Amino acid sequence: MVKCWDLETNKVIRHYHGHLSGVYALAIHPTLDVLVTSGRDATARVWDMRTKQAVHTLSGHTGTVSAVKCQEADPQVITTSMDSTVRLWDLAAGKTMTRLTHHKKSVRAMALHPTEFTFATASPDNIKQWKCPEGQFMRNFEGPEGVTGGGGIVNAMAVNADNVMFTGADNGAMGFWDWKSGHQFQRLDSLVQPGSLDSEAGIFCAEFDKTGLRLITGEADKTIKIWKEDDQATPETHPLDWKPSLMRKRY
Amino acid sequence: MSSLSGLLPAPVHQNPAQEYDQHQYSNTVTAPIVRIPPYGERTGWKPKKPEDFGDGGAFPEIHTAQYPLDMGRKKKSTSKAGSTIALQVDAQGNVAYDAIAKRGHGSKEIVQAQFKDLVPLHERADIGEISLSRPGEEEVQETADRTRAALEKISKSKITAAQPKSVVSNNKPGAPTYIRYTPANQSASAEGVNQRVIRMVEMPVDPMEPPRHHHRKVPRGPPSPPPPVLHSPPRKVTAKEQADWVIPPCISNWKNAKGYTIPLDKRLAADGRGLQDVQINDNFAKLSEALALASRHAQDEVRQRSLMQQKVAQKEKEAKEQNLRALAQRARDERAGIVSSSSGAGEQESSGRGRQQDSGSESGSDDDSDDDEAKQRAARERDALRKERQQEREKDLRMSRMGAEQKAKVMARAEGRDISEKVALGLAKPTQSKDSMYDARLFGQSSGLNSGFKEDDAYSVYDKPMFTHTGSSLYRPKRGGGEGGEDAGNEDDIARSLESDRFGSAGISGKGFRGAEGGRNMQRDGPVTFEKEADIFGLDDFNKADSKKRTGLDISSTQEAFGRGLGTLNLSLVSRSTHYFKTTLEYSSMASPELTSPLTAN
């Protein structure tokens with residue numbers, strides 16, 4: 001069940017009924033009064049917020065739809081799924097525009113760039129950047145420690161207006177990437193709060209705030225952490241070692 | 001054109017192309033030219049082969065099915081799956097091999113089916129300018145409007161479908177409604193506006209009719225054809241890695257939700273029993289050994305102590321016996337000495353006897369081992385008997401010394417002993433009878449095999465009913481107290497007594513009998529006690545009187561007695577007792593004193 005809460009009274013005011021099993025992700029359309037939710041029943045449902053009607057049921061995925069994002073221009077809805085595909089949808093018709101099959105493993109996280117017309121998706125084998133509206137593959141994000149920056153399973157992604165991308169992994173590894181070049185300039189391991197086991201390090205969700213100055217992460221040790229840019233860091237203290245890879249790329 | 005060629009001089013050489021052509025194709029056999037009859041001469045002619053159509057299409061004046069260029073035939077299989085597609089070539093002359101991948105999708109859909117879709121955008125050769133900017137305001141607005149319109153259409157249709165169709169009917173649901181209908185298109189009717197009144201009635205529904213439409217489940221259609229996979233196939237997993245990720249099935253020691261039967265070795269395996277090596281500390285063995293040793297030591301010591309005690313006791317006993325024997329001997333000697341003092345000869349005899357006795361005792365003491373024990377046993381028994389007799393004598397003395405009350409107490413205690421006390425004291429003896437004891441209730445029963453066969457539906461488990469009707473046999477104490485005279489001033493009592501007043505004399509109970517009040521609804525305050533009336537009619541006296549000479553006094557007395565008996569009989573009849581024995585009816589206070597007892601005469 002998808003619930004709409006009134007934050008003034010802290011009460012549920014609407015229910016959107018239609019999903020057959022767990023709802024994993026949710027996105028609100030920036031210009032229309034439309035809500036898109038996705039879940040384990042391998043569909044994304046488009047709801048008219050006022051009438052609580054399911055306007056479209058975007059079916060076609062064969063695995064859990066792990067992330068949904070809405071934007072104002074076509075493709076208005078982008079979904080990623082655990083059947084390792086990404087689908088770009090035409091919202092007016094309710095049909096798939098493009099299917100991107102570049103990923104090998106389930107795609108768990110997605111992020112839209114706030115100013116550019118691009119987005120990125122992450123799976124345990126790769127983090128890829130794409131260009132809208134056709135969904136053309138732009139680049140792989142490659143980190144020095146491994147493909148996903150030492151993370152393994154990337155659960156959360158968020159992009160800044162300053163072209164900083166953050167990926168949070170299931171084992172607590174946080175990677176900070178440059179959007180334009182695809183280079184990982186920082187790798188952090190989130191510390192568990194005292195009292196938690198070391199194995200309880202993991203990031204489940206992450207977002208930059210509206211200004212882009214603060215990163216908020218929800219973690220597995222029952223904490224929500226807020227991160228900010230280090231003021232004292234200089235290129236000398238934190239050198240940016242970018243080495244172009246000599247290996248021939250295989251796609 | 002023709003004027004210009006006329007102006008120019010004639011060419012010197014002929015066209016080399018023409019020369020070539022003439023050389024090349026002079027030897028070839030030309031195909032027979034199909035002659036299509038010109039228009040007007042085509043009657044009876046039918047185009048059969050595709051060449052008959054030439055460059056054109058079908059002939060409309062020939063009324064047969066014609067398929068120029070094989071177009072128009074019904075059995076077209078290009079749209080079905082599994083059939084061949086025509087090879088498509090794009091403008092540059094490149095063959096479009098991904099037509100197969102693009103089948104089944106709409107034209108608007110983009111299918112990435114080429115290698116160049118894998119190459120990063122900046123390294124791609126065929127893309128000119130990459131602009132990463134988001135679309136502008138107008139485009140966004142236009143998209144939003146378009147989308148909103150489409151979504152609203154859908155949602156509106158859904159809403160209207162969900163809403164009930166409102167036909168205004170203010171009457172009862174079965175009554176007809178009349179609708180004035182004005183047709184929308186006036187073009188057909190030239191007579192002007194013709195309104196019609198339509199009468200709409202609900203069709204009667206058969207309530208027992210099953211649903212008319214079968215809701216059939218339609219299986220889902222085939223999904224859209226799968227997109228081309230743009231990554232390398234997953235790498236083969238090595239055996240080691242596969243072995244790393246093996247997860248054994250969970251066999252819980254506490255839950256078995258599906259109720260599987262799991263063999264015991266698997267259950268224990270879940271416990272991890274075979275993996276551990278149980279190490280037992282050596283100190284356990286040491287402890288047990290030490291305990292055993294200690295217990296043995298203690299037993300030995302106890303045994304030795306008891307032996308020592310026995311020996312000491314024996315020695316003491318022997319010493320005592322020796323003493324006693326010595327005393328006895330001395331006593332005998334003295335006696336013998338006294339006797340022998342009277343007669344000197346006897347002295348010697350006694351001494352000889354004594355010597356004999358001594359020797360006898362010596363000889364007795366000689367063969368000690370067997371006789372000594374027997375003698376000791378006998379001595380002990382005699383001691384016990386003596387003690388008992390001593391106790392009895394003391395008891396008798398005490399009893400004789402006690403007064404009467406003590407005696408009574410003792411007697412009461414002796415008689416009023418509970419069986420458990422008797423058992424504890426050892427006074428309870430079971431009945432000694434030659435044959436075994438039987439419960440008398442077992443005899444003479446109407447059930448069991450000895451009672452004979454019963455009918456089929458006889459229920460043989462229980463022979464007696466579970467509840468005997470205890471309504472009448474239970475004693476229920478009367479609530480307010482039985483005696484009427486106790487709480488004389490009580491309201492309830494007065495009311496009760498007034499109620500039960502049967503002979504009309506209020507305040508006086510009249511001739512009612514206590515215990516016979518209430519008539520039919522007599523409330524008993526105690527169980528019914530019966531007493532045999534010895535002689536109601538004084539017949540004994542009468543008979544006795546018969547033997548003697550009857551005097552007038554006697555007759556009168558007997559008559560009196562008779563009358564009295566009758567009186568009592570009447571009263572007993574009035575009380576309507578159904579008992580065979582007459583109940584003792586206590587006469588109330590008013591009764592004449594002479595009638596207090598039936599036998600006053602004699």
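The legends below describe close-up views of aromatic pairs and salt bridges in a predicted model. Local features need pLDDT of at least 70, side-chain atom pairs count only at pLDDT 80 or more, and totals for chains, interfaces and linings use all residues. Residues are numbered from 1 along each chain as its sequence is written, chains are lettered from A in the order in which they are written, and side-chain values use heavy atoms, without hydrogens and water.

**View 1. Aromatic pair of A:Phe141 and A:Trp177.** Rings of Phe, Tyr and Trp (its six-membered ring) pair if their centres lie within 6.5 Å; planes under 30 degrees apart count as stacked, over 60 as edge-to-face and the rest as tilted. Over all chains there are nine aromatic pairs. In this one the centres are 5.8 Å apart and the planes are at 80 degrees, an edge-to-face arrangement. A:Phe141 is in strand β14 (residues 136-141) and A:Trp177 in strand β17 (residues 173-178) of chain A, so the pair ties together parts 36 residues apart in sequence. Strands are DSSP runs (E, at least two residues), and helices likewise (H or I, at least four), numbered from the N terminus. A:Phe141 is buried at 0% relative accessibility (buried is under 20% relative accessible area, exposed over 50%, partly exposed in between; 1.4 Å probe, protein chains only).

**View 2. Salt bridge of B:Asp145 and B:Arg148.** A salt bridge is a side-chain nitrogen of Lys or Arg within 4 Å of a carboxyl oxygen of Asp or Glu. Here the N to O distance is 3.3 Å. Both residues belong to helix α4 (residues 137-162) of chain B, three residues apart, or about one helical turn.

**View 3. Salt bridge of B:Arg124 and B:Asp117.** The N to O distance is 3.8 Å. B:Arg124 is buried, with a relative accessible area of 11%.
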